[in-house]
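Please keep the sequence and the structure in view while reading.

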Amino acid sequence: MYDYLIVGAGLYGAVCAHELHKKGYSILVVDKRSHIGGNIYTEEISGINVHKYGAHIFHTNDTGVWNYVNQFALFNRYTNSPVANYHGELYSLPFNMYTFNRMWGVTTPDEARMRIEEQRREYVENSARKKGIRPEDFTPDNLEEQAISLVGTDIYEKLVRDYTMKQWGRPCDELPAFIIRRLPVRFTYDNNYFNALHQGIPTGGYTQIISTMLEGTDVRLNTDYLADRDALNAQARNIIYTGPIDAYFGYELGTLEYRSLRFETEQLRTDNYQGNAVVNYTDADTPFTRIIEHKWFEFGVDRDGQPIPGTVISREYSLEWHPGEESYYPVNDRKNTALYEQYRKKADMETNVIFGGRLGEYKYYDMDQVIARALERVSSVPGRG
Ligand SMILES: Cc1cc2nc3c(=O)[nH]c(=O)nc-3n(C[C@H](O)[C@H](O)[C@H](O)COP(=O)(O)OP(=O)(O)OC[C@H]3O[C@@H](n4cnc5c(N)ncnc54)[C@H](O)[C@@H]3O)c2cc1C
């Protein structure tokens, strides 16, 4: 009999496993996939660590979490600076002075601010006129109105509109304004996408972090908890469940919705395909949203600093999700949030089961948040003594 059965060998499950093992508990971890790591899994292909479930950049303002994760790997100094490709025109992201210089030829923050303000004002005045209201009473009704009133028409049309449409599968004027509460606009020459205190990629990939965390626990892969629930429950006193909360309850109240992704991964002979780890394709004619060139997360060199020949790229497509498919982004709209709340009430009534992680809590969490939540969840568990 194990003290804990942990369903899911992703980051949340692994942090819990590691901490509970340190407290003296015996642990069985199961995952229905054929590998550990959940969505942060990286697989080595010809010396390159491939982010199998999309680009993962560790970034955090929480120094405690940063120190915690640094126990398990050596992090490099990678800084996320994606490039946007709009019909072959290249723009820096997030929107900053390099972007504005490329867009309008302006060189000072005041000129850039003026351009955005002019476009914003003209748009709000026209829209208010059409709605028969005063400009000062204008409030955005959809994502298009929201985005233009934040960044003006040019940036919206070249860098936001089609990319967002590809991401969500619907035009921006049919999407709710709340999806883009704010669009970061910087009036400095700064391409650092995440404004985080700490940032980097583990040299050698993420999988090593999870395998170190799971040392001392029993791990069973290719094991679907829900397909063998009674037998697995009989083997442990407590359960930590990091799978989808609606699946746990047999979808009895309905199915929570997600957006899905598809990756087309290709190994190429060239040593440098696009010169950057992440290039977003912001036009409507390109069917994918971005291309990841994995070797640049680790500067194209191996652990000894030697250049890695060849390259591996992944084209990322954003897709409609259907039940049973890989779920990526929860759709936290009103309908799904209400449904999740109902499931959460049922979850609160389960004895000896902790629901956690992005699927167990139906919430998009960055890795640092997942670590913080897992640490907090197990911190109150006393040592086994
Ligand atoms: C495309 C993409 C890019 C991202 N980029 C970043 C980034 O740059 N930086 C960042 O900080 N975060 C990023 N994230 C978020 C990051 O992936 C998550 O924070 C993290 O993976 C969540 O870990 P988890 O353990 O909660 O979930 P998961 O990794 O999903 O782990 C859950 C595990 O449970 C298993 N499971 C489910 N049901 C069952 C069952 N019935 N039986 C057995 N096992 C089961 C699954 O197979 C899975 O392995 C990104 C997410 C996505 C989707």
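How many residues surround the ligand, and which are the closest? In this predicted model, the ligand is surrounded by 34 residues. The closest of them are Gly8, Gly10, Gly38, Gly243 and Gly357. Helix 1 (11-22), helix 11 (357-360) and helix 12 (367-379) are the elements that contribute two or more residues to this shell.

**Two helices in contact**

Helix 1 and helix 12 also pack against each other, at an angle of about 35° and with 9 Å between their axes. The crossing of helix 1 with helix 12 is right-handed. On the side of helix 1, the contact is formed by Leu11, Tyr12, Val15, Cys16, Glu19 and Leu20. On the side of helix 12, the residues are Met367, Val370, Ile371, Ala374, Leu375, Arg377 and Val378. Eleven residues of this contact are nonpolar, two are charged and none is polar.

**Domains**

The domain assignment divides the protein into domain 1, which comprises 2-81 + 199-379, and domain 2, which comprises 108-182. Taken over C-alpha atoms, the centres of domain 1 and domain 2 are 33 Å apart. Eight residues from domain 1 and nine residues from domain 2 make up the contact. On the side of domain 1 that touches domain 2, one residue is nonpolar, four are polar and three are charged.

**Overall form**

The secondary structure of the protein amounts to twelve helices and 16 strands. Along the principal axes, the C-alpha atoms occupy a box of roughly 70 × 55 × 35 Å. The radius of gyration of the protein is 23 Å, and this agrees with a compact globule, because a globule of 385 residues would have a value near 21 Å.

| Site | Angle |
|---|---|
| Peptide bond of leucine 93 and proline 94 | omega about -10° |
| Serine 46 | phi near 50° |

The peptide bond that joins leucine 93 and proline 94 is cis. Proline 94 is located in the loop between strand 7 (89-92) and helix 3 (97-104). Serine 46 has a positive phi although this residue is not glycine. Serine 46 is found in the loop between strand 3 (42-45) and strand 4 (48-51).

Note on methods. Residues are numbered from 1 along each chain as its sequence is written. This is a predicted model: local features need pLDDT of at least 70, side-chain atom pairs count only at pLDDT 80 or more; totals for chains, interfaces and linings use all residues. A residue is near a molecule or strand if its C-beta atom, placed from the backbone, lies within 6 Å of it. Helices (H or I, at least four residues) and strands (E, at least two) are DSSP runs, numbered from the N terminus. Axes are lines fitted to C-alpha atoms, for helices over the stretch in contact, and angles run from 0 to 180 degrees between N-to-C directions. A crossing is left-handed if the near helix is turned anticlockwise from the far one by less than a right angle, and right-handed if clockwise. Two residues are in contact if their C-beta atoms, placed from the backbone, lie within 7 Å. Ala, Val, Leu, Ile, Met, Phe, Trp, Tyr, Cys and Pro count as nonpolar, Asp, Glu, Lys and Arg as charged, and the others, Gly among them, as polar. Domain bounds come from an automatic or database domain assignment. The radius of gyration is taken over C-alpha atoms; the globule rule is 2.2 Å times the number of residues to the power 0.38.
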